Amino acid sequence: MSSGELLHIHSQELQFPFELRKQISCSLQLSNQTDDYVAYKVKTTNPKKYCVRPNTGVVLPRSTCDIIVTMQAQKEAPPDMQCKDKFLLQSVVVSHGVTAKDVTPEMFNKESGHEVQECKLRVVYVAPPRPPSPVQEGSEEDSSPRASVSENGHSIASEFTAQASKAFSEQVEYPDTSFEARSLISKVTEERNSAIEQNKRLRQELELLRREANRSSGGIPFIYVVLVGFIGIILGFLLKRTLTW
């Protein structure tokens, strides 16, 4: 904390979380620890770049005042993120009952005999705060379930979580193709079932042909025996008849 005889300043730096093409603001707190009314005025070396609200005012005895400094959106970053802009805070004791509307530039004129205190403030660019991570980081023991472990030593729950996360990311990344994917899966399933049914039908026909072939191959010797026996009976009958004659 920087302290003077009149006003205490929370910090001698104006820290801006710099981002391109974005208007950025920071606050400056003034504290009056005296029993006097203290008027202040804020100046900057680059007035077109910054907006100070309020740039003048009065801090009551034993009270504080907040000032908002807004930097206009910048199209490019300075080299090495170093800023040469400066601010100057002037303060002076004024009469009791003076308000912000009564503050004039003449009050801060040293040549008029006013005891003006000055404090220089520099501008510092800092990295913007990082957005919160969508996945909470933690130890492996806290983040991964340990209910069951597969034979190869990897957690089944962890693998399931990884696969579910992958499936969810794919679903989020390609929401427009989900209907086409389901149609393609349905079509492939129907073709697969048709192929299985056709294969089953061909197997049944092949088995039927095989049985017919076995039945046919088994009937040829039986017919041959019948024919031979029939011919033998005829020949025996003719031979007996011949001898009888």
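A residue counts as exposed when its relative accessible area is over 50%. In this predicted model, Asp80 has a relative accessibility of 70%, so Asp80 is exposed. Asp80 sits in the loop between strand E8 (63–71) and E9, and its phi is near 60°, a positive value in a residue other than glycine. Met81 lies in the loop between E8 and E9 as well, with phi near 55°, again positive in a residue that is not glycine. Met81 has 32% relative accessibility and therefore counts as partly exposed.

Most residues other than glycine have a negative phi, and most peptide bonds are trans. The peptide bond from Arg53 to Pro54 is cis, with omega near -15°. Pro54 belongs to the loop between E6 and strand E7 (56–59).

The aromatic residues come next. A pair of aromatic rings is described by the distance of the centres and the angle of the planes. The structure contains three aromatic pairs. One of them joins Phe18 and Tyr125, tilted at 40° between the planes, with 4.8 Å from centre to centre. This pair links distant parts of the chain, 107 residues apart: Phe18 is in the loop between strand E3 (13–17) and strand E4 (24–32), and Tyr125 is in strand E10 (residues 117–126). Both residues, Phe18 and Tyr125, are buried.

Tyr50 and Phe87 form an edge-to-face pair, because their planes lie at 75°; their ring centres are 5.0 Å apart. Here too distant parts of the chain are linked, with Tyr50 in strand E6 (residues 50–53) and Phe87 in strand E9 (residues 86–94), 37 residues apart. Tyr50 is buried at a relative accessible area of 6%, and Phe87 is buried at 2% relative accessibility. Together with Phe16, Tyr50 and Phe87 make up one aromatic cluster.

Note on methods
Residues are numbered from 1 along each chain as its sequence is written. This is a predicted model: local features need pLDDT of at least 70, side-chain atom pairs count only at pLDDT 80 or more; totals for chains, interfaces and linings use all residues. Side-chain values use heavy atoms; hydrogens and water are left out. Rings of Phe, Tyr and Trp (its six-membered ring) pair if their centres lie within 6.5 Å; planes under 30 degrees apart count as stacked, over 60 as edge-to-face and the rest as tilted. Helices (H or I, at least four residues) and strands (E, at least two) are DSSP runs, numbered from the N terminus. Buried means under 20% relative accessible area, exposed over 50%, partly exposed in between (1.4 Å probe, protein chains only).
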